[in-house]
Amino acid sequence: MRMETLAVKSGLEPDDASKAIAPPITLSTTFERGEDGSYPGGFDYSRSGNPNRKALEAALAALEGGAEAVAFPSGMAATFSVIFSLSPGDHVLAADDAYYGTGVLLREQFAERGIEATFVDMAELGAVRAAMRPNTRLVWMETPSNPLIRVSDIEAIAGIARDGGALSCCDNTWATPLLQRPLELGADLVMHSTTKYFGGHSDVTGGAVIVREPGEALDALRKIQTDGGLIPSPFDAWLTRRGLESLAPRMAMHCANALELARFLDAHPGVARVHYPGLEDDPGHRLASRQMSDFGGMLAFDVVGGRDEAFAVAAAVKIIARATSLGGTHSLIEHRASIEGPTTRAPENLLRMSVGLEHPEDLKEDLARALAHGVRQGH
Ligand SMILES: *Cc1c(COP(=O)(O)O)cnc(C)c1O
């Protein structure tokens, strides 16, 4: 089956009792045993299994082309579980522009528990190779990355990890498996914040790890999920799986709208620079053209001026909402430097946009108005 079909069908069988097409939400925490002590429905207790979670995990595994998926109550719970599966003394090599919370987790939670991390620019393969240590057990990549929408080479980095005896994990939240297939490029694990494009409507938090093949990593993650109680609720699992059904057409429109806005912003005198790998002169364009089937719905741009001008532009939008996060139907704009604080890598004049599903002309008009209002052009 092709991706669009998998997104609609995976993990779903019509409900046995009612023949309902949309699956029921199973709230029961406990399931009846047969007279022989077996569990004829395949479930015993909701922490170890639930039909909605099972359907979501099956769909996620099918979409990423992995052996199995393990669903978590948030993206950070998924990341936490991957790192928690390591042992004290192990070393993690992570992208220096990975999701802000990933860096915080490594620096503030795991460092003092004996798991050390170093951060490198993964657009530089030489730097990745040089930073590998004998005890490196995990290489954590994320592409395209935040906030500069940079692209790194999944196949090459997964190869460096494999040569060094480490697992590789790719945070594929921004691209989704519609645009980018890390497991096929050699990564061992894919991590998702399903809060973003998978849920797709900014109304459910979740996360997942998809493994390429069965083995120790999968067993460890499954145990952490169950023993640690790191499970999404049945309703959250149901909402996320439902979100997947429209993932393919949503991604196509996010990408088309983002490219159109990137071109518009690139030509605008109030914009100093656009960061979007779909633009031919973007430093990530060649690699993204090879590694991705489209360029995604996230872009950033540097407003002419500084922090004040960027704030003024963000303050003046009317259709685009001022909010963090991404991947929903609504376009969102955000001043990353002030969200991330002192350790941010975002320039003060940078605004990041999650391009939504509104009509692109409305979005362009909104940005044109905001830029005219916000930037003291020519001064
Ligand atoms: C949002 C996000 C996360 C964290 O996920 P939560 O669901 O907020 O816990 C991790 N990585 C990326 C790329 C994200 O965008």
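Is Thr176 buried or exposed? Thr176 is buried, at 0% relative accessibility. Here, buried means under 20% relative accessible area, exposed means over 50%, and partly exposed is in between, with a 1.4 Å probe and protein chains only.

Some ground rules. This is a predicted model, where local features need pLDDT of at least 70, side-chain atom pairs count only at pLDDT 80 or more, and totals for chains, interfaces and linings use all residues. Residues are numbered from 1 along each chain as its sequence is written, and side-chain values use heavy atoms, with hydrogens and water left out.

Now the overall picture. The protein has 14 helices and twelve strands. Those are DSSP runs, numbered from the N terminus: helices are H or I with at least four residues, strands are E with at least two. The C-alpha trace spans about 80 × 55 × 35 Å along its principal axes. Of the 379 residues, 53% count as buried. The radius of gyration is 21 Å, which agrees with the value near 21 Å for a compact globule of 379 residues. That radius is taken over C-alpha atoms, and the globule rule is 2.2 Å times the number of residues to the power 0.38.

Next, contacts. Contact means heavy atoms within 4.5 Å. Take contacts between residues at least 6 apart in sequence: 70% of them join residues at least 24 apart.

Back to Thr176. Thr176 sits in helix 7, residues 176-179. Its phi is positive, about 65°, although Thr176 is not a glycine. Lys19 also has a positive phi, near 65°, and is a residue other than glycine. Lys19 lies in the loop between helix 1 and helix 2. Lys19 is exposed, because its relative accessible area is 55%.

On to two loops. Where is Met122? Met122 is in the loop between strand 3 (116-120) and helix 5 (125-131). Met122 counts as buried, at 2% relative accessibility. Leave out residues up to four places away in sequence, and Met122 touches, among others, Leu93, Val128, Trp140, Ser152 and Ile157. Asp96 is 26 residues from Met122 in sequence, yet the two C-alphas are 7.4 Å apart in space.

Ser152 is buried, with a relative accessible area of 5%. Leaving aside neighbours within four places, its contacts include Met122, Ala123, Leu287 and Gln291.

Which peptide bonds are cis here? One runs from Thr143 to Pro144, with omega near -10°. Another joins Asn146 and Pro147, with omega about 0°. Pro144 is in the loop between strand 4 and helix 6. Pro147 is in the loop between strand 4 and helix 6 too.

Last, two helices. Helix 9, residues 234-245, has twelve residues and reaches 17 Å from first C-alpha to last, close to the expected 16 Å. The expected span is 1.5 Å times one less than the number of residues. Buried residues of helix 9 include Pro234, Trp238, Arg241 and Leu244. What do the buried residues of helix 9 pack against? They pack against helix 1 (3-9), helix 2 (51-64) and helix 10 (247-266).

Helix 10 has 20 residues and reaches 28 Å, close to the 28 Å expected. Among its buried residues are Leu247, Met251, His254, Ala258, Leu261 and Leu265. In an α-helix there are 3.6 residues a turn, so residues three or four places apart point the same way.
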